[in-house]
Amino acid sequence: MPTYAVTGATGRLGRVVIEQLLDSGVPAAEIAAIVRSPEKAADLAARGVEIREATYDDPSTLPGAVAGVRRLLLISGTSPGQRVAQHTAVIDAAKLAGVERLVYTSILKADTTTNPLAPEHRATEAVLAASGLAYTVLRNSWYIENYTDQLPQYLKTGTILGASGGSKISAATRADYAGAAVAALTRAEDGNAVYELGGTAFTFDELAEAVTEVTGTTVVHQDLAAAELASTLENVGLDAGTAGFVAALDHSIALGELATDSDDLSRLIGRPSTPLRDAIRAARA
């Protein structure tokens, strides 16, 4: 029977978590990948990982998916407005199954931030706290990939648009956050724990400088007011709702809500977080 299970295991974070569990020496037979589409996990199955089909949207599939598991990583869902119900269904199934510890991926400063993504995370944390399960909350800041995935656009336009007001972002790579999740799953932990996770902080100006240095193409940061950023994004094709949402995320950065002085991430992964320039080089490669 698997010791560890990971929800959303074929997603961009879940897959890296499972790969790191395997690389750390955890036997494949001790890992269950909980997935919506088993065919997407064929490579994991070939390595001996147990594939369990379940979906957040159908609570009846969840008890079987977590049965016998000692430690469960609940990777937050991606459907706005539905996450709390989805997460609650997983938490209820985990409690019914006698899971010893549930690890949840939340957002940095979930209890205080005005970030528009935070309310569903905050509500999930409350459900988890009331569940009686032992838990670890990983409050992740931004992924560096949020920016490195946009490298082609940056290089094409020579500009990074933002509304951060010069504030810093403690972003880290997906692999760094996966490493923290592996540590939380596998380490001995007394009681409950909440970790504020983020890498070495940088501004958008410093991001532009790093992109310029690594690629040899001059890229500059253009800082706008949030409303101006939303209008600009609408002009290039985003709908008003999405443009406003993106601007609100940058406003959260401007308020300092995605920066942290915590060293929780480096302590969990046992090394410094991945430097920004290294992440840009890897994205270019």
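Predicted model: local features only at pLDDT ≥ 70, side-chain atom pairs only at ≥ 80, totals over all residues.
## Helices H9 and H13

Helix H9 spans residues 204–215 and helix H13 spans residues 276–284; their axes come within 10 Å and cross at roughly 50°. The crossing of H9 past H13 is right-handed.

On the H9 side, the contact is made by Glu-206, Leu-207, Glu-209, Ala-210, Val-211, Glu-213, Val-214 and Thr-215. H13 contributes Leu-276, Arg-277, Ile-280, Arg-281 and Arg-284. By residue class, the contact of H9 with H13 divides into six nonpolar, one polar and six charged residues.

Leu-151 lies in helix H7, which covers residues 151–157. Its relative accessibility is 5%, so Leu-151 counts as buried, the limit being under 20%.

With neighbours within four places in sequence left aside, Leu-151 is in contact with Val-211, Ile-280, Ala-283 and Arg-284. Val-211 is also listed on the H9 side of the contact between H9 and H13, and Ile-280 and Arg-284 are listed on the H13 side. Ala-283 is 132 residues from Leu-151 along the chain, and the C-alpha atoms of the two are separated by 8.1 Å.

## Helices H10 and H11

The second pair consists of helix H10 (residues 226–235) and helix H11 (residues 240–254). Their axes come within 8 Å and cross at roughly 145°, and the crossing is right-handed.

H10 uses Ala-226, Leu-229, Ala-230, Leu-233 and Glu-234 to meet Ala-240, Ala-243, Gly-244, Val-246, Ala-247 and Asp-250 of H11. The residues of this contact divide into eight nonpolar, one polar and two charged.

## Helix H8

Helix H8 runs over residues 174–186 and has 13 residues. From its first C-alpha to its last, H8 reaches 18 Å, close to the 18 Å expected at 1.5 Å a residue.

H8 is mostly covered, with eleven of its 13 residues buried. The buried residues of H8 are Arg-174, Asp-176, Tyr-177, Ala-178, Gly-179, Ala-180, Ala-181, Val-182, Ala-183, Ala-184 and Leu-185.

Arg-12 is placed in helix H1, residues 12–23. Its relative accessibility of 53% means that Arg-12 counts as exposed, whereas Arg-174 in H8 is buried.

Not counting residues up to four places away in sequence, Arg-12 touches Asp-149 and Arg-174. Arg-12 and Arg-174 are 162 residues apart along the chain, and their C-alpha atoms are separated by 7.9 Å.

## Val-194 in strand S8

Val-194 is found in strand S8, which covers residues 193–197. With a relative accessible area of 41%, Val-194 is partly exposed.

Apart from residues up to four places away in sequence, Val-194 touches Val-137, Arg-139 and Asp-264. Val-194 and Val-69 are 125 residues apart in sequence, and 22 Å apart in space from C-alpha to C-alpha.

How values were computed:
Residues numbered from 1 in each chain as written. Heavy atoms only, no water. Axes fitted to C-alpha atoms, helices over the stretch in contact; angles between N-to-C directions. Helix = DSSP H or I, 4+ residues; strand = E, 2+ residues; numbered from the N terminus. Left-handed = near helix turned anticlockwise from the far one by under 90°. Contact = heavy atoms within 4.5 Å. Nonpolar A, V, L, I, M, F, W, Y, C, P; charged D, E, K, R; others polar. Expected span 1.5 Å × (residues − 1). Buried < 20%, exposed > 50% of the residue type's maximum accessible area, 1.4 Å probe, protein only.
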